[in-house]
Amino acid sequence: MKRELFFTLPIIAGLLLPLTPTHACTGITLKSKDGSTVVARTIEWGGSNLNSRYVVVPRGYASQSYTPEGVDGMTFTARYGYVGLAVEQKEFVAEGLNEAGLSAGLFYFPNYGKYESYDPEKKASSVADLQLVSMILGECATVNEVEKKVKDIHIINIDPRASNAHWRFADSSGRQVVLEIIDGTPRFYENTLGVLTNSPGFEWQLTNLNNYVNLFPGSAPAQRINNLDLKSFGAGSGFLGIPGDVTPPSRFVRAAFYQSTAAQLETASETVTQCFQILNNFDIPIGIEFAPDKIPADVPSATQWTSATDINNRVIYFRTMYNSAIRSIDLRTIDFANVSYQAHPLDKTKAQPIEAITIE
């Protein structure tokens, strides 16, 4: 297993180093009139294909955490079955939902926060940051349980060169929190807004929204300056000045205002579709991240996949950079007491299906 770890470390470090291509994750939350909560997000990486897959983890499945020394960290056994979307390796679940109705997601947090230093004497209670989502989904049913669990463990980097992460946790009660580790100390923030991106920290992002107090839905009213009449060129001029770049602070602002002005729909299924439509605005064309002669040829988009999780009805949805069709996994149809552990690529074929219309 150590050989596998040392083969993997350069991949992880390359994935998380702060000077590598954009770590751009954007998360939103919508609630339908029937009381359902849907959390949705994108995951971006422009450097290479993340080889993402979905994993099905049964109750009773035992895992062990990576540490800087090998696969000899904390052992955790799934009390709850869950479905996760993993990156690079099946163990590294970045987004998932368990059968108890707990949603968990990892968002990159480069240049901010600081984990505690790895102590080999505490390896039995140490879990790698890239495996925290898996451990939490297997062991916790509510956000309250997440908060208690995090107090009893040590969250560590596998590789000291890698950047940090922060996390979003939400449960079927509608409560949502953000976890950031600052100077080695875990800190939870209530996320009543329901938005999350990357750096800087969550509290700073909320404060920064005050810079956009002038934004409002609809169109700005006409006004007259001296003898000149000024009118909007088109609809939506109330949002004139909203930042359009792909930096995390700008995406946070856009996500907050797009989410807050979205109409509340009747059902969870309608709301899921609405989440995907809103997150269309956060797809990142890979060309903006690289000089013209440096664009990777094997990655069609920096936004590698987008997911939406219907927490109350226990369904996780996703689409990918290769196939924009929305696919779903209904956890209510899975017998987590008897299903086998499984890991499958998100895309069977890496090509966008196109339906030809025959004209008669």
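**Exercise 1.** Determine how many residues of helix α5 are buried, and which elements they pack against.

*Solution.* Step 1. Ten of the 13 residues of α5 are buried, where buried means under 20% relative accessible area with a 1.4 Å probe and protein chains only as cover. The model is predicted: local features need pLDDT of at least 70, side-chain atom pairs count only at pLDDT 80 or more, and totals for chains, interfaces and linings use all residues. Residues are numbered from 1 along each chain as its sequence is written, and side-chain values use heavy atoms, with hydrogens and water left out.

Step 2. Among the buried residues are P249, R251, F252 and F257.

Step 3. The buried residues of α5 pack against β1 (27-31) and α4 (202-208); contact means heavy atoms within 4.5 Å. Helices (H or I, at least four residues) and strands (E, at least two) are DSSP runs, numbered from the N terminus.

**Exercise 2.** State where N198 is placed, and whether N198 is buried or exposed.

*Solution.* Step 1. N198 belongs to the loop between β13 (185-190) and α4.

Step 2. The relative accessible area of N198 is 1%, so this residue is buried.

**Exercise 3.** Identify which residue has a side chain joined to that of N198 by a polar contact.

*Solution.* Step 1. A polar contact is a pair of N or O atoms within 3.5 Å; within protein, one must be able to donate a hydrogen and the other to accept it, and residues adjacent in sequence count only if both atoms are side-chain atoms.

Step 2. The side chain of R251 makes such a contact with that of N198, at 2.7 Å. R251 is itself one of the buried residues of α5.

Definitions and conventions. Buried < 20%, exposed > 50% of the residue type's maximum accessible area, 1.4 Å probe, protein only.
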